[in-house]
Amino acid sequence: MRKFIQKILLFVTMLIVLVTVTFYAGNYYNRYEYEYLAAIQDKHHLAQEIGSTPKIILAGGSNVAFGLLAEDFQNAYNRPALNMGIYVGLGLEYILNELVDVANPNDIILLSLEYDTPIKPYPGMNYHVFRYLPESIFYFDDDKTTLTSLLASKIQKDVFWMTKFHYYRMFKNSDFKLNDFIYKREMFNSNGDAVGYHHLSSQLDAGNSFSDTVTLKSNWDNFHILNDFAIKCEQKDITAFLCYAPLVKENYKRDSGLIAQFTSYMNKNIRIDFLDTPKEVVFKRADFYDTKYHLLEKAKKIRTGNLIRLLKERL
């Protein structure tokens, strides 16, 4: 009996050591070194620092992170502004639930959604985000997202990243540096805007500029949950507006008919007003950085300035 208990204690001790090592080592290589999604944690810290002071929140996928400047909103309105945008793969349910949690009474939300925004997260995304933001378990409307499954996945993925890091360092490239990546935590400024690529020129090719509006009709029903979000905003005395994601000029010309149908559908069925129109966020290919939603600094300032003006007209 004593030997059995000793084996159990040894097993438990080894398990605790494994969990501890993967948690701290994994976070060292993954979160603090370079991980782009780790910025979610920073954005939440910024919201906590602002506290109950009325603020402007820019939200959505990476078209917001790379396409709007909360810093300019803050300067224009003399009130705190926060860019919560990071990645469309989190899904619409996550984005809206996160906003309800972060926003306070008298806040203003500008929500910009990519045309291909999914309602559910991309596979594995809930586990990925949990490593940096444990409270995200409440943002995913998914019965399969349990604390046990997320912890197990965290251990698995941290071991993977530790192995990958050492593999590249030891065998692939002795000069390999994680900080050489553009997509990393440090690319965001104190307002949550992605600015670490502003010194670069356009890298958008024809393949990356392909328009998602061609599959737009399959996503229309996803946006119905915006009405539930609108009710929650009204209950918390939060003002919310929608704004369109940027489009490459060629794509807008090709899909203008479908985009017009979508605009009509949204105006008739969604309780949140749009500040702008799709035509107002059409830019040349040279104005985009690396994807069809990521604007270079000049175009980003134009888009931001237009929304600042339109928002002032509505307040």
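**Notebook: the β3 sheet and its surroundings**

I started with the strands: β1 (residues 56-60) and β3 pair in parallel over 5 bridges. For my own record, two strands pair if DSSP finds at least two bridges between them. Helices (H or I, at least four residues) and strands (E, at least two) are DSSP runs, numbered from the N terminus.

Before going further I noted what I am looking at: a predicted model, where local features need pLDDT of at least 70 and side-chain atom pairs count only at pLDDT 80 or more, while totals for chains, interfaces and linings use all residues. Residues are numbered from 1 along each chain as its sequence is written, and side-chain values use heavy atoms, with hydrogens and water left out.

**Confidence.** pLDDT is the predictor's confidence in each residue, from 0 to 100. I get a chain mean of 81, with 72% of residues at 70 or more. Residues 25-33 fall below 50, and this stretch has 29 contacts beyond near neighbours in sequence. Residues 159-180 are also below 50, with 23 such contacts. Contact here means heavy atoms within 4.5 Å. Where pLDDT is low, the predicted coordinates should not be read in detail.

**Whole chain.** I count 10 helices and 6 strands in the secondary structure. Of the 315 residues, 52% are buried; that is under 20% relative accessible area, with exposed over 50% and partly exposed in between (1.4 Å probe, protein chains only). Among contacts with a separation of 6 or more, 83% come from residues 24 or more positions apart.

**The sheet.** Which order do the strands take? The open sheet of 4 strands reads β2-β1-β3-β4, with parallel pairing. β2 (81-83) and β4 are the edge strands, each pairing on one side only. On average, neighbouring strands are turned by 20° against each other, direction ignored. On the β4 (residues 239-244) side, I find β3 joined by 6 bridges, again running parallel.

I then followed S112 in β3. S112 is the bridge partner of G60, and S112 also stands opposite C243 in β4.

Is β3 buried or exposed? In β3 (residues 108-113), 6 of 6 residues are buried. Both faces are covered, with I108, L110 and S112 on one side and I109, L111 and L113 on the other.

**Helix α5.** I looked at what lies over the strands: α5 lies across β1 and β3, running at about 170° to β3. Axes are lines fitted to C-alpha atoms, for helices over the stretch in contact, and angles run from 0 to 180 degrees between N-to-C directions.

α5 (residues 92-102) also packs with α8 (residues 225-235), at an angle of about 0° and with the axes 11 Å apart. So α5 is roughly parallel to α8; the cut-off for that word is an angle under 35 degrees. From α5 the contact uses L92, E93, L96, N97, L99 and V100, and from α8 I225, L226, F229 and K232. I sorted these by class and got 7 nonpolar, 1 polar and 2 charged residues. Nonpolar takes in Ala, Val, Leu, Ile, Met, Phe, Trp, Tyr, Cys and Pro; charged is Asp, Glu, Lys and Arg; the others, Gly among them, are polar.

**S136.** S136 counts as buried because its relative accessibility is 1%. Leaving aside neighbours within four places in sequence, S136 touches Y94, V129 and F130.

Definitions and conventions:
Parallel < 35°, antiparallel > 145°, perpendicular 65-115°, else oblique.
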